[in-house]
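Hi,

Here is the structure I said I would pass on.

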Amino acid sequence: MDIEIHHLQVGQYTNNVQILSVEQPSNIEPVLCPMCDGTVKRALPVLSLKKQSYQQRIIDLLSTVKENECINRSLKVPICILLPQVYELTEKINLKLFEEILKLIPGLSQAKDCSLFPYGRSAMLLAWEKIERLFLDESHQEILILAVDSDYRLFSQISKEWGSASEDIASESIIIASIKKSEFGLSREWASYELRTSDQAESIAMEFMFRQFKKEKALPIHQFYAPFDEAGVQVNEWMSAYPCLFPSVGKHTEIIMTTPFTGDLGACSGLYNLLHLNECYRQEKYLHNTMQLEISPRLYRAAAFYTWQEK
């Protein structure tokens, strides 16, 4: 497949080369922002901070790209919208948010195929199954991806459940990209996801997913895109399951964590990491296989495996 970026924004940064910098990933500099709880945090906001709900901030973020020509031509191609996993995940909340998006971008309601993926960090990887089905239909040669998210500290109505002493960069981002069929470039060879239920031990779902990869592929993994969080909860989860990938992983494997440089991009994480690894292949920094792992706040753990085909 061939991947094209139409809009990539992390905070106020919009230069694709700078945001996806392969050699100098720390050149995105957060600013100090006064948070609504009175503290000052490192942040990469797209919009100025103001009193609003999380849902309204997402809509306000989308309003900055509603005139983008790719969004306006979404009538002609299928579109997948990657959204945050709302903490109290209910169908009612998701439908209400989607209704607001349709009001903002009316053309989406008339698009060939418009799909909503409100699964946070795992949204992109959970969208692969839909994307593959669309490509099997010969009438679809291109699929548009729209992702948006904002850190919970950048809006005012914070639920007590979200309380955290995290020192991570508070980030928000918007990404528009398209994926086209191609004989060359990136190829997704495998993808899977699991649900982690409350009665499971920390890494059970991920261990099952990794064992599934060994059973179905069992190929060497040279780059492993791994989640990072300041508190270490996500890191501990995947590290506990990581030995299940042996011998696909070992001394030949490089672990890549982009979050320390960009902050947690939420629903944009999966797409951002996809763009990052695609750029690394394009620049010939990567030559061999890559696995991408994403962990959503609650239920979803998802992984995908990629190879690169030269012309």
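Areas here come from the Shrake-Rupley method with a 1.4 Å probe, and for residues only the protein chains shown count as cover.

Some housekeeping before the details. This is a predicted model, where local features need pLDDT of at least 70 and side-chain atom pairs count only at pLDDT 80 or more, while totals for chains, interfaces and linings use all residues. Residues are numbered from 1 along each chain as its sequence is written, and side-chain values use heavy atoms, with hydrogens and water left out.

**The overall picture**

The protein chain holds nine helices and 12 strands (DSSP runs numbered from the N terminus, H or I of at least four residues for helices, E of at least two for strands). Of its 311 residues, 53% count as buried; buried means under 20% relative accessible area, exposed over 50%, and partly exposed in between, with a 1.4 Å probe and protein chains only. If you take the contacts (heavy atoms within 4.5 Å) between residues at least 6 apart in sequence, 75% of them join residues at least 24 apart.

**Helix H9 and what follows**

Helix H9 covers residues 269–282, and its 14 residues should span 20 Å at 1.5 Å a residue, which agrees with the 20 Å between its end C-alpha atoms. The expected span is 1.5 Å times one less than the number of residues. Because 13 of its 14 residues are buried, H9 is largely enclosed by the rest of the structure.

Just after H9 comes Glu 284, with a positive phi of about 65 degrees. Glu 284 sits in the loop between H9 and E11 and is exposed, at a relative accessible area of 54%.

Most residues other than glycine have a negative phi, and most peptide bonds are trans. Ala 218 is another one to look at: its phi is positive, about 55 degrees, although it is not a glycine. You will find Ala 218 in the loop between helix H6 (204–216) and strand E9 (223–225), where it is partly exposed with a relative accessible area of 47%.

There is also a cis peptide bond, from Phe 246 to Pro 247, with omega near 10 degrees. Pro 247 belongs to the loop between helix H7 (233–241) and strand E10 (254–256).

**A pair of strands**

Strands E4 (residues 79–82) and E5 run parallel to each other and pair over four bridges; strands count as paired if DSSP finds at least two bridges between them. Ile 79 stands opposite Cys 114 in E5. In a regular strand the side chains alternate between the two faces of the sheet. In E5 (residues 114–117), Ser 115 and Phe 117 make up the covered face, whereas Cys 114 and Leu 116 are on the uncovered one.

**Salt bridges**

The count is 12 salt bridges, each being a side-chain nitrogen of Lys or Arg within 4 Å of a carboxyl oxygen of Asp or Glu. In one of them, Glu 172 joins Arg 57, with the closest N and O atoms 2.8 Å apart. Glu 172 is in strand E7 (residues 170–180) and Arg 57 in helix H2 (residues 54–63), so this pair ties together parts that are 115 residues apart in sequence. Glu 172 is buried at 0% relative accessible area, and Arg 57 is buried at 0% too.

Glu 100 and Lys 103 form another salt bridge, at 3.5 Å from N to O. They are three residues apart in helix H4 (residues 91–104), which puts about one helical turn between them. Glu 100 is partly exposed at 24% relative accessibility, while Lys 103 is exposed at 62%.

**A nonpolar patch**

Finally, which residues make the nonpolar surface patch of about 250 Å²? They are Tyr 193, Leu 195 and Leu 299. Patches are built from residues with over 30% relative accessible area and no salt bridge, joining like charges within 9 Å and nonpolar side chains (Val, Leu, Ile, Met, Phe, Trp, Tyr) within 5 Å. Leu 299 lies in the loop between strand E11 (290–295) and strand E12 (300–309).

Cheers
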